[in-house]
Amino acid sequence: MPEDRPKISKNSPDDAARAGKDAAQDSSTAGGEVWVVVEQVAGEAAPVSWELMGEARALAEALGVRAAAVILGAGAPELARQAFSYGAAAAYTGSDPALEPFITDPHCQALVDLARAHQPQIILLGATTRGRDLASAAATELETGLTADCTHLEIDEAKGLLKQTRPAFGGNVMATIITPNHRPQIATVRPGVFPLPEAAAEAGGEIIESRPAITAAAAAVRQLQFLPNPGEESLMGAHVIVAGGRGMRSAHNFALLEKLATELGGTVAASRAAVDAGWISQRRQVGQTGQTVRPLLYIAVGISGAVQHLAGIQESDVIVAINSDPDAPIFDVADYGIVGDLFEIVPALIEEAHARLSGAAGSDAAGERQIGVEST
Ligand SMILES: Cc1cc2nc3c(=O)[nH]c(=O)nc-3n(C[C@H](O)[C@H](O)[C@H](O)COP(=O)(O)OP(=O)(O)OC[C@H]3O[C@@H](n4cnc5c(N)ncnc54)[C@H](O)[C@@H]3O)c2cc1C
């Protein structure tokens, strides 16, 4: 980074209006920046924002333009500093009481005004509940294209267009989508798809402050109460994931996986078949319509390896598959495969892990570690 102190410039609310709606819709905005909308709660950024910042920086370099962060609501100076450390050369901040807490309409208005004023050529958002909501609302206002849930982004060097790749037709094909005629090109990417870049310690950049003119209509919705969902941890930070599929046969049998995960210091996840059967919460689903994970170790137990499941696990360092069917597609991506009955193999793994990791081989009562298995 060339600078170590932020430069601050200010935009009046009228700047956006002056720039006019047509400018943002002009497909000839060559040279526009690559933006990442930073998702934050009370000044704490969602990691996906920084994952996207690393990607935005690479895209911006390929285009010869700046990567920039958009920070709406609380926490601007600190979040701008973090954005610089993850690769942003500039940060557009917007402050208004209507922007805190997050509500789609005022955020959409602030983002759209900034886009009209500064004409980025690309805007990236996390494919989270908020990001999906904001991206689609902003794309509608800006009358431009949006590609949701991208798994790969790349610049077409000949045309300077963003190639946005995502699963299509139920995940059976990968489609590469371009937005040739409208700007900005907007894409969402799910958490975990891109790695978190290393933060540079002494990075600086330009802060462009603005006061969005939020209209009464956009500020009409108020949040009365926020009730967090207790006990639902994200799979994102897990180093070890033990995931079960239809082969587990029942919710009760997931206790086996809990036990193995506990021995390995990991957490339990599932295929969609197990979620659909009601054996485990949807928040634990891995795959195209669940979470993308990147643990050091992913153990797939009784999971066939459908393409939609594989979409969520391919960034795992090591994949171990346990399946009774030697032809199960999961073995095509597994680093280690165990063909056999999971109800024999998993208890054996629990024993072995317990013996090795506790150093207590054969010393404790086997009965304490026995887990019942239920057949359906
Ligand atoms: C649009 C769309 C999105 C989707 N999104 C997702 C997603 O996000 N995540 C996801 O997982 N799926 C998703 N799916 C569903 C996906 O296509 C598969 O249906 C699902 O992944 C299958 O789950 P499974 O592997 O647990 O079940 P199955 O395919 O039924 O496999 C069960 C496996 O268990 C093995 N088995 C059975 N008994 C034993 C035993 N005793 N010991 C060892 N092995 C045993 C079997 O050999 C089999 O391979 C999606 C589908 C669509 C159309």
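Two notes before we start. Residues are numbered from 1 along each chain as its sequence is written. Because the model is predicted, local features need pLDDT of at least 70 and side-chain atom pairs count only at pLDDT 80 or more, while totals for chains, interfaces and linings use all residues.

Let's begin with the sheet. Five strands form an open sheet in the order β15-β14-β16-β17-β18, with parallel pairing. Strands here are DSSP runs of E with at least two residues, helices are runs of H or I with at least four, and both are numbered from the N terminus. Two strands pair if DSSP finds at least two bridges between them. At the edges sit β15 (267-270) and β18 (336-339), each pairing on one side only. On average, neighbouring strands of this sheet are turned by 20° against each other, direction ignored.

Now look at β14 (residues 240-244) and β16 (residues 297-301), which are joined by five bridges in the parallel sense. One of these pairs Gly 244 with Val 301 in β16.

Which strands does helix α7 touch? Helix α7 (residues 254-264) packs on the sheet against β14, β15 and β16, and its direction makes about 170° with that of β14. Contact means C-beta atoms, placed from the backbone, within 7 Å. Axes are lines fitted to C-alpha atoms, for helices over the stretch in contact, and angles run from 0 to 180 degrees between N-to-C directions. Helix α11 touches β16, β17 and β18, at about 135° to β17.

On to the ligand. The shell has 30 residues, and the closest are Gly 245, Gly 247, Arg 272, Ala 273 and Gly 287. Helix α8 gives the largest share, three residues. Helix α11 (342-358) is among the elements that supply at least two.

Last stop: strand β5 (residues 67-72). Why is β5 called largely enclosed by the rest of the structure? Because six of its six residues are buried, meaning 20 or more other C-beta atoms lie within 10 Å of a residue's own, with all C-beta atoms placed from the backbone. In a regular strand the side chains alternate between the two faces of the sheet. Here, Ala 67, Ala 69 and Ile 71 point one way, and Ala 68, Val 70 and Leu 72 the other. Ala 69 is the bridge partner of Val 36 and also stands opposite Ala 91 in β6.

Notes
Near = placed C-beta within 6 Å. Contact = placed C-beta atoms within 7 Å. Buried ≥ 20, exposed ≤ 12 C-beta atoms within 10 Å, placed from the backbone.
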